[in-house]
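Here is a short walk through one protein model. Keep the sequence and the 3D view side by side as you read.

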Amino acid sequence: MSAGVLHVVAVPIGNLDDISARALAVLASVDVVAAEDTRCSGRLFQHYGLQRPLLALHDHNEAERVPALIARLQAGESVALISDAGTPLISDPGYRLIAAAHDAKIVVSPVPGACAAIAALSAAGIASDRFFFEGFLPAKSAARQARLRDLAQVSASLIFYEAPHRIVETLVDMVVVFGEARVATMAREITKTFETIKRDALGELSAWVQADSNQQRGEIVLVVAGAPERAVGDQKLLSAEAVLQVLVKELPLRQATAMTADIFDLKRNALYDMAMQIKAELEIKRGDA
Ligand code: SAM
C-alpha cells in the first residue's frame, strides 16, 4: 500500500473568504485534519460545510501525537495540517510532524495561502527584496532589548509578530534600540473590519500608538526598515572588533591587535584604541561581577 500525503494547508487570517479553492478541496477530502485548536477550526469547517474529523495538534501534545499520525500516513491515510490562522509552522506548531514525515519518506505538500507576515510586508511600503522574519520577541523588556540589539545591524527589513498588550512597550524598546528615525509599518487586524496599516518613523509610530488605545487592540505585525547598508570599510571594522573581543580576553593587547590587523589587512594603529577600549570594558565587567 502506498503512503498517504501530508498536506500543509493555509487558512484565512481574518476574512474567511481568503482561502483557496484547492485548500477547501483538500480539507474536504483528507482522512483527518490535524488542527492547532479544534474549536477554532470548527468554526471554519462549519462556515464551509466541511465535515472531516479534526484532531488536536498543538505545542503541548505534538511530540506525543506525531508517531500515531505518521503511522496513519504510512497506512495510506491522507492528513491535512492547519493552524488557527494563516500558514502552519509560521509562529505556529507543526515542525515536529513535518520533520518526522520527511524522515519517514512521506510526501509533504503545501497548499499556500494567507500569512500575516507576508500580507503585512506586501502593504508596508518598506523594502521587500530582503527580509528577516523574527516572529514574537521575548515578553520581558531586558530580553527583548537584547534581541533587538542583536538585530540592530541587520540590513534586511525586519518582521515581528506582537501581542496587543505588549505593543506599547515593544515600540518603546524599538525606539531605544533602533532610534526614533528608523521607518516602520504597523499592520493591525489585516483583512478584518478594523484593518489599519500605518507607516511612519518609529518615534512617531510609538507616540501614535500610545495616544490611541484602539491601536493597542487586535492582531499586529510590525515591519521595520533594515539598518542602512554600511560601507565596506565599516563592515571590516565591525568584523575586526568582533575578533578583537575574543582575542583580547586571551592575549596581550599588542599581540591581539597585531593578529587582528593581519587577518583583516588593517593598520595596527587603527585597532589599538579599539583594543584598549574593549579591555577597559572587560575590566569594568569583571569588577561588577
Ligand atoms: N501562522 C500565522 C501566519 O501565517 O501569519 C501566524 C500565527 S501567530 C500564532 C499569530 C500572530 O500572527 C498574531 O499575534 C499577529 O502578530 C499575527 N497575525 C495573525 N493574524 C493577523 C492579522 N489578521 N492581522 C495582523 N496580524 C496578524
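Predicted model: local features only at pLDDT ≥ 70, side-chain atom pairs only at ≥ 80, totals over all residues.

Now step back into the helix itself. α7 runs over residues 167-178, twelve residues in total. From first C-alpha to last, α7 reaches 16 Å, close to the 16 Å expected at 1.5 Å a residue.

Next, look at what α7 hides. Its buried residues are I167, T170, L171, D173, M174, V177 and F178. They cover an arc of only 160° around the axis, which means that they sit on the same side of α7. An α-helix has 3.6 residues a turn, so residues three or four places apart point the same way.

What covers those buried residues? The cover includes two helices, α6 (141-151) and α8 (202-211). It also includes the strands β7 (157-162), β8 (183-188) and β10 (220-224).

Zoom out to the whole protein. It is divided into domain 1 (5-114), domain 2 (117-224) and domain 3 (232-288). The C-alpha centres of domain 2 and domain 3 lie 34 Å apart.

Last, turn to the cysteines. How many disulfides does the structure hold? It holds zero. C40 is in no disulfide, and the nearest cysteine sulfur, in C115, is 16 Å away.

Definitions and conventions
Residues numbered from 1 in each chain as written. Heavy atoms only, no water. Helix = DSSP H or I, 4+ residues; strand = E, 2+ residues; numbered from the N terminus. Expected span 1.5 Å × (residues − 1). Buried < 20%, exposed > 50% of the residue type's maximum accessible area, 1.4 Å probe, protein only. Arc of directions from axis to C-beta. Contact = heavy atoms within 4.5 Å. Domains from an automatic or database assignment. Disulfide = S-S within 2.5 Å.
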